[in-house]
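User: I would like a close look at a single part of this model, followed by an account of how its surroundings are arranged. Please take it step by step.

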Amino acid sequence: MLLFFNLLMFFLGACIVSFATVFVQDFELGQVFSHKRSSCDHCHIQIPFYYTIPILGYLATFGKCRNCNNLVKFWYPISEILGGAILLCAALYHKDLVWFVPMFLALVILSVSDFQFGYIYSSYYLPFLIPLALHWQYLHPLEGLLVYFLMFVFQSISNAIGIADVELLAIIAVFFGYVYAVYILFLACCLCILLNLFNKKRSFRFIPYLSVATGIIYLIFV
Ligand SMILES: [Zn+2]
């Protein structure tokens with residue numbers, strides 16, 4: 001029973017990442033409510049629903065489109081596995097999943113959009129309203145304002161980060177307080193430097209690093 005629950009959590013995490021990826025791509029094209037199935041990035045033919053099942057669909061097709069034989073982007077299954085592992089860890093650490101899942105969804109949507117397009121839409125912050133309403137008595141609004149002000153000044157002077165990074169870090173401070181926000185910023189910078197050592201061509205998109213750092217700090221320390 002426990003194994004089934006853990007598998008379910010892993011699959012749910014992978015589904016959230018898969019959903020967020022499709023949602024962001026559809027939102028960009030203005031097709032969120034078109035109810036179309038996912039299509040191949042290369043030949044744009046619609047994919048049968050059983051091949052769109054996270055991770056399993058990739059394995060069943062050997063990572064190739066059944067129509068044009070082009071390779072499916074490798075980071076789709078990687079991000080799904082990562083999402084599954086994060087939600088499974090949250091369940092194993094007995095985190096409040098009703099609070100965690102919308103938080104996770106928002107971070108994944110923001111990360112996918114920043115990673116793929118280099119910008120985000122304000123509406124992507126909306127899932128944060130659920131954890132905000134659920135834990136309103138534990139929030140740190142003044143610390144969020146302080147972080148926003150300091151990071152905004154830093155962003156205006158240095159231009160090293162984007163305004164969306166400032167906004168997300170302020171939201172993180174509202175939820176976890178400024179001390180954890182500093183930890184998360186530090187860890188995100190370390191991850192960013194580490195990955196850039198191995199891949200110098202990687203464009204500088206900071207929100208995915210902030211999201212992964214938030215997940216790690218939350219799961220271990222909060
Ligand atoms: Zn194709």
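User: Is Ser113 buried or exposed, and what is its relative accessible area?

Analyst: This is a predicted model, and every value below should be read with that in mind. Ser113 is buried, since its relative accessible area is 0%, which falls under the 20% that marks a buried residue. The residue sits in helix α4, which covers residues 97-117. When neighbours within four places in sequence are left aside, Ser113 is in contact with Val24, Gly118, Tyr119, Ile120 and Tyr124.

On the matter of charge, side chains of opposite charge can pair when their charged atoms come close. A search of the whole structure finds one salt bridge, and Asp41 forms it with Lys73, the closest N and O atoms being 3.4 Å apart. Asp41 lies in the loop between α1 (2-29) and α2 (56-60), whereas Lys73 lies in the loop between α2 and α3 (75-92), so the pair ties together parts that are 32 residues apart in sequence. Asp41 is partly exposed, with a relative accessible area of 34%, and Lys73 is also partly exposed, at 37%.

Another helix, α6, can be described in a similar way. Helix α6 runs over residues 141-158, and its 18 residues reach 25 Å from the first C-alpha to the last, close to the 26 Å expected at 1.5 Å a residue. Its buried residues are Gly144, Val147, Met151 and Gln155, and because they cover an arc of only 65 degrees around the axis, they are on the same side of α6. These buried residues pack against α7 (163-176) and α8 (178-198). The face turned away from that buried side carries the exposed residues Leu142, Leu145, Phe149 and Ile157. After α6 comes Asn159, whose phi is positive, near 60 degrees.

Methods:
Residues are numbered from 1 along each chain as its sequence is written. This is a predicted model: local features need pLDDT of at least 70, side-chain atom pairs count only at pLDDT 80 or more; totals for chains, interfaces and linings use all residues. Side-chain values use heavy atoms; hydrogens and water are left out. Helices (H or I, at least four residues) and strands (E, at least two) are DSSP runs, numbered from the N terminus. The expected span of a helix is 1.5 Å times one less than its number of residues. Buried means under 20% relative accessible area, exposed over 50%, partly exposed in between (1.4 Å probe, protein chains only). The arc is that of the directions from the helix axis to the C-beta atoms. Contact means heavy atoms within 4.5 Å. A salt bridge is a side-chain nitrogen of Lys or Arg within 4 Å of a carboxyl oxygen of Asp or Glu.
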